[in-house]
Amino acid sequence: MIATIFEDWRYGGDSITLWGSRPCGKERETAFYFNLPEDWKGRVSAVQGWAECEVTLYSRPYLEGVASPRFPDLTPVLDGQWNDYAQSIEFR
C-alpha cells in the first residue's frame, strides 16, 4: 500500500487506496505515479501516505501541468489551490 487519498479534509469522505510493490526509499526518484480515475479527478482533499513516500500532485494526467510542492506522507488538509485540483499523483 502506497497511500490512501480522501475526498474530504482530515481523512474524511470517500477514499481510494493506491498500491505499489515496494516502499519509496531514500533516493527520492519517482517510485510510482498514478493518473486518477475520472471520478476522482478534482476530488482529492487529503493524502495519507505509507511506505516512506512524499507526494506531489499535478494538475493534468501523466504528471503534466502545474506541480504542487512536495507534501509529506501524512497531509490531512490540502488547502488553497491543491484542494480538489489534482488529476495525477507522484510518489517519491
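The model is predicted, so local features need pLDDT of at least 70 and side-chain atom pairs count only at pLDDT 80 or more, while totals for chains, interfaces and linings use all residues. Numbering runs from 1 along each chain as its sequence is written, and side-chain values use heavy atoms, with hydrogens and water left out. Helices (H or I, at least four residues) and strands (E, at least two) are DSSP runs, numbered from the N terminus.

**The open sheet**

- Four strands make up an open sheet in the order β2-β1-β4-β7, with antiparallel pairing; two strands pair if DSSP finds at least two bridges between them.
- The edges belong to β2 and β7 (74-75), each with a single partner strand, so one side of each has no neighbour in the sheet.
- β1 and β2 (residues 12-18) run antiparallel and are joined by five bridges, with Ala3 standing opposite Leu18 in β2.
- Three residues sit between β1 and β2, which form a hairpin.
- At the other end of the order, β4 and β7 pair in the antiparallel sense over two bridges, and Val47 has Thr75 in β7 as its bridge partner.

**The nonpolar core**

- A nonpolar core here is a set of buried Ala, Val, Leu, Ile, Met, Phe, Trp, Tyr and Cys residues joined through side-chain atoms within 4.5 Å; buried means under 20% relative accessible area, exposed over 50%, and partly exposed in between (1.4 Å probe, protein chains only).
- The largest such core has 21 residues, and Ile5, Leu57, Ile89 and Phe91 touch the most other members.
- At least two residues of this core come from each of β1 (3-8), β3 (32-35), β5 (55-60) and β8 (88-91).
- Leaving aside neighbours within four places in sequence, Leu57 is in contact (heavy atoms within 4.5 Å) with Val66, Ala67, Ser68, Phe71, Leu78, Trp82, Ala86, Ser88 and Ile89.

**Salt bridges**

- Counting a side-chain nitrogen of Lys or Arg within 4 Å of a carboxyl oxygen of Asp or Glu, there are five salt bridges.
- Arg43 forms one with Glu7, the closest N and O atoms being 3.3 Å apart. Arg43 lies in the loop between β3 and β4 and Glu7 in strand β1, so the pair ties together parts that are 36 residues apart in sequence.
- Glu7 is partly exposed, at 26% relative accessible area, and joins Asp14 and Arg43 in a network of salt bridges.
- Arg70 and Glu54 also meet through their side chains (3.4 Å, N to O). This pair links distant parts of the chain, 16 residues apart: Arg70 is in the loop between β6 (64-67) and β7, Glu54 in the loop between β4 and β5.

**Positive phi**

- Arg10, in the hairpin turn, has a positive phi of about 55 degrees.
- Tyr11 is not a glycine either, yet its phi is positive at about 65 degrees. Tyr11 sits in the loop between β1 and β2 and is partly exposed at 27%.
- Glu52 has a positive phi near 60 degrees. Glu52 is found in the loop between β4 (46-49) and β5 and counts as partly exposed, at 47% relative accessibility.
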